[in-house]
Amino acid sequence: MGSGIATAHILNNIYVVLKEVNSEYLLKGIKTIEANVRGLVTRGKLTQDKANNALKMLKGVLDYSEFKDVDMVIEAVIESVPLKQKIFSELEKACPPHCILATNTSTIDLNIVGEKTSSQDRIIGAHFFSPAHVMPLLEIVRTERTSAQVILDLMTVGKIIKKVPVVVGNCTGFAVNRAFFPYSQSARLLVSLGVDVFRIDSAIRSFGLPIGPFQLLDLAGYGVAAATSKEFDKAFPDRSFQSPLVDLLLKSGRNGKANGKGLYTYEKGSKPKPDPSVLPIIEECRRLSNIMPGGKPISVTEKEIVEMILFPVVNESCRVLEEGIVVRASDLDVASVLGMSFPSYRGGIVFWADAVGANYVYTSLKKWSQLYGNFFKPSRFLEERATKGIPLSAPVSSSSTSRARL
């Protein structure tokens, strides 16, 4: 992620100081950035001259001595609260008092990230989506203490580096990952109910997403999936489904595309292919979950697979709207298309839900919650809108959106 973020900035004439913990990692980071830039030249999206100029904007370092004059820092380390807190304490001492202190965390509450600093007004989320130099969305996360000027400055930077900035509120997962955390969980729940992994991916691709939830899991890596799942399970225990699948895959020595061993096989020059050797692991997952009605797999259509995976996303989106994490439904629609590759021709997650009908989403979730538990329980916001015939995208009352104001 750090390499992708650095690439996005140097391509747009912004000087970047890249800090790493040792020379081996630093060299790896620089080589990744060079490969990103070369890839754009190969694809005809960048001239060789511009590529050379971009790479001159990059400097690699192993300490904070170069940080005394920087205007903005973006931290992009692993999702570890103690590590992030340590880095922000160091940044506060190393950087000038006007410097924006941004984090690329995808899940961790920003108040926790910066709680050991006295620079709460300068702390902001700059959440890029992977690969950071390609994906167009920049989720700008403000806390209640972030200054308006810092938000405006980061929006300006976002536009300079040709991203679409969407300002959102602070909570576990923020707007996009918060709304979409049920996406992977419902897919794993369906597997525990006996639905075939590869059939789920196929149904989601047919709906219009570029890859299904399990190929996405392979792409992200199982370590990342385990870390983010832990954050969501902690934040929303009443509506999380804790599947043993990722732990079982990790124990078997798999880590997705990263080590070439995932739910799919990855051979150079060919598309990922389903790996039949994972089937015993999936069977073990079902045995441990033990939620198949009468011990038998459920029977579902392709349409039901899509709905059982995406309606919980709609449900969580309703909570994001009600809590004022986004100011308007269209922000979530734009973010779902640009950040999660939700099919643009369906108009975004909330727009699509309104097209399907809030009442249909509500009654479906209510039926599944009675059959399969609290994971599918409709939110209060969804129930209210469905029973009153109000579109999900209609503005939320002013009292509910007070948190969304600067």
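## The sheet

Let's start with a strand pair: strand 5 (residues 123-128) and strand 6 (residues 137-141) run antiparallel to each other and are joined over four bridges. One spot to look at is Ala-126, whose bridge partner in strand 6 is Ile-140. Keep in mind that this is a predicted model.

Zooming out, the pair belongs to an open sheet of five strands, in the order 3-4-5-6-7, and the pairing is mixed. The edges are strand 3 (72-75) and strand 7 (164-168), each of which pairs on one side only. Going from one strand to the next, the twist averages 25 degrees.

## Salt bridges

The count of salt bridges comes to 17. Take Glu-316 and Arg-178: their closest N and O atoms sit 2.6 Å apart. This pair ties together distant parts of the chain, with Glu-316 in helix 13 (residues 302-322) and Arg-178 in helix 7 (residues 176-192), 138 residues apart. Both Glu-316 and Arg-178 are buried. They also belong to a salt-bridge network that links Arg-178, Asp-238, Arg-239, Glu-316, Arg-319 and Glu-323.

In helix 12 (residues 279-289), Arg-287 and Glu-284 are three residues apart, about one turn of the helix, and their closest N and O atoms are 2.8 Å from each other. Arg-287 has a relative accessible area of 54%, so it counts as exposed, since the cut-off for that is over 50%. Glu-284 comes in at 29%, which means partly exposed.

Helix 13 has a pair of this kind too: Glu-307 and Lys-303, four residues apart, again about one turn of the helix. Their side chains meet at 3.1 Å, N to O. Here Glu-307 counts as buried because its relative accessibility is 8%, and buried means under 20%. Lys-303, at 52% relative accessibility, counts as exposed.

## The second largest pocket

Helix 3 has the largest share, with three residues.

Note on methods: Residues numbered from 1 in each chain as written. Predicted model: local features only at pLDDT ≥ 70, side-chain atom pairs only at ≥ 80, totals over all residues. Heavy atoms only, no water. Helix = DSSP H or I, 4+ residues; strand = E, 2+ residues; numbered from the N terminus. Pairing = 2+ DSSP bridges. Axes fitted to C-alpha atoms, helices over the stretch in contact; angles between N-to-C directions. Salt bridge = Lys/Arg side-chain N within 4 Å of Asp/Glu carboxyl O. Buried < 20%, exposed > 50% of the residue type's maximum accessible area, 1.4 Å probe, protein only.
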